[in-house]
Amino acid sequence: MGTPAGSARRGTGVLRWVGRVVAALVVFVACNTGGVAATTLFPVHAGTLNYDATLRLSLDPADISTITAPTTFGNIRLRFGGIVPAPGVRAEVQVKERITELLSRPNISVRSLEPGPLELEKAATDAATGLALRFALGALLVAALLLGGYAVWRRQSARPAGRALPLRAVRWGTVATWTTSCLVTFAVVAWTYQPARLATFSTTGILGAVQRNADLLEGVETRAEQTTPYLKNLLALSSALQDKYAPQNLSSPVAARFLLVSDIHGGNQYPLMRTIVQRERVDAVIDAGDLVNFGTATEAEAAGVFKGIESLGVPYLFVKGNHDARSDVDRELLDRLAKVPNVVLLQPDDTTYRVESIAGVRIAGFNDPRWFGDDNKDNAAKQKPAADRFVATMADEPAPDILVSHEPAAVEDVKRAGIRVNGHMHTAALEGNRIQVGTFTGGGPFSHFVAEGGNGEELTGQPSAFDIAAFGDDCRLASLTRYQFRNVVEGRPAYDDVTLINGSRIESAAPPLPGPTRSTGTATSTTAKGGSAARSCSPDLGRTTERITATTPVTTGP
């Protein structure tokens with residue numbers, strides 16, 4: 001039997017070994033955490049000819065053994081199986097701008113833009129090398145800090161030197177633990193992220209819609225062409241019913257017809273729009289914004305939007321929506337639109353408003369100050385400075401017959417107008433003299449499909465909608481005809497709703513307001529709808545333009 005003293009020594013020795021193992025594990029975990037943190041603070045950039053990616057490791061439990069690629073269109077998640085959990089990999093993928101230029105060229109296929117095997121292999125090698133180097137340096141820094149801390153503690157500690165671990169032993173132990181941390185992490189990552197160990201592949205957002213319904217987004221423009229006969233029949237039926245059953249005052253002479261659209265969102269359904277313009281004898285199209293999704297002109301170019309607008313053959317009056325720029329000073333899309341011959345920018349820049357008179361009907365508007373990617377908070381408050389500036393600028397001008405801006409809150413802040421037109425909500429609505437236009441393209445290819453029932457499995461398309469506003473020879477709204485139909489993108493259009501509204505009921509919601517009177521050609525205009533000065537509108541008046549310099553920005557609201 002051993003002596004009590006011997007047993008005590010053995011017990012003390014066991015405790016020391018346990019303590020050293022625990023210390024080694026702490027150093028191991030600290031090195032791993034430091035290595036991952038280094039890849040987060042200093043991510044790796046890798047790319048191919050058309051794509052760039054920023055990669056970092058993640059210790060988030062939700063990312064364990066998973067490659068996650070968040071994109072504007074949705075998230076891609078690849079979950080792998082393995083014996084040992086591996087750090088997650090987050091890869092933020094960006095499309096290089098040159099790809100949108102390529103897409104605008106004829107005969108460019110999606111397959112031709114895919115990176116080749118050699119490109120992918122080089123990108124993967126660069127990414128792996130960069131992540132390994134950052135991980136090793138981050139882990140080494142943590143190990144050095146721990147070793148330095150131990151050295152300071154040992155010097156200042158009252159504990160006898162003989163009972164503390166020698167500094168040299170701790171140094172070699174730390175180096176061994178750092179090496180083990182790097183080798184184990186590299187081995188686990190290399191073992192886990194193999195194609196053969198892929199367990200699940202999932203997508204969200206529009207990527208999920210494309211994956212589950214790959215054929216729905218192909219040939220949108222072609223189906224718009226094919227839907228033209230259906231739309232002609234719908235318009236013809238609507239016109240016949242209106243002629244037969246519309247009240248007498250709706251059949252009075254029409255000075256001008258305006259097609260009200262909004263929220264195109266990059267969908268090239270201009271063949272449909274061209275049909276409406278021709279069949280309904282439309283004098284001008286008024287677009288309440290959100291022409292694209294991500295604020296770039298190249299997106300619209302690739303979809304053929306600019307050529308589509310030009311093909312309409314009538315003025316295209318436009319105000320910017322919150323998806324039509326990438327920052328508060330971005331003008332790329334507006335500058336490109338200004339080059340389309342029939343486009344009229346109602347607020348071409350920050351210092352100018354443009355009032356367009358067509359057949360004597362005055363149309364004015366202002367841009368949405370928001371942009372794609374803003375914080376999406378207090379949106380109504382963000383509209384107020386722009387609305388107040390417009391009101392201040394137009395205080396001494398005749399009130400417009402049609403006021404246009406993108407968001408509801410913007411036009412609600414402007415009281416002097418015959419009718420107020422907005423979009424943004426993707427649903428048609430009528431509140432007093434505020435006409436909210438639905439989305440002409442059903443939200444465009446990227447937001448057309450929504451989940452039904454909340455389970456994300458069944459997708460249904462948003463309805464397409466547009467309005468036709470007819471103005472009489474008294475320069476007042478005579479009628480508003482609202483159209484809604486479904487499944488154009490899917491290639492099986494279905495009738496939904498046509499509503500005819502007496503325009504006098506809409507304009508009567510705007511109280512008469514006194515204001516200055518100005519002579520415009522042969523017509524006399526006044527700010528008061530129904531005021532004392534007589535006005536006359538007619539196709540003979542043609543089209544005129546006024547440019548009005550904006551006042552100093554108004555600082556109201558938050």
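Predicted model: local features only at pLDDT ≥ 70, side-chain atom pairs only at ≥ 80, totals over all residues.
1. A residue is called buried here when its relative accessible area is under 20%.

2. Cys-475 and Cys-537 form a disulfide in which the sulfur atoms lie 1.9 Å apart, and the count for the structure comes to one disulfide. The link between Cys-475 and Cys-537 is right-handed, with 110° about the S-S bond. It connects distant parts of the chain, 62 residues apart, since Cys-475 sits in the loop between β19 (464-472) and β20 (477-486), while Cys-537 sits in the loop between β23 (523-526) and β24 (543-549).

3. Cys-182 is accordingly in no disulfide. Cys-31 is buried, with a relative accessible area of 0%, and Cys-182 is buried with a relative accessible area of 5%.

4. The largest nonpolar core has 33 residues, and those with the most contacts inside it are Leu-259, Met-273, Leu-291, Tyr-316 and Phe-466. Helix α9 (residues 270-279) gives the most to this core, contributing five residues. Another core, of 29 residues, lies apart from it and has Ala-256, Phe-258, Ile-435 and Ile-501 among its members.

5. Beyond its neighbours within four places in sequence, Phe-466 is in contact with several residues, including Leu-235, Leu-259, Ile-276, Phe-440, Arg-482 and Phe-485.

Definitions and conventions: Residues numbered from 1 in each chain as written. Heavy atoms only, no water. Core = buried A, V, L, I, M, F, W, Y, C linked by side-chain atoms within 4.5 Å. Buried < 20%, exposed > 50% of the residue type's maximum accessible area, 1.4 Å probe, protein only. Helix = DSSP H or I, 4+ residues; strand = E, 2+ residues; numbered from the N terminus. Contact = heavy atoms within 4.5 Å. Disulfide = S-S within 2.5 Å.
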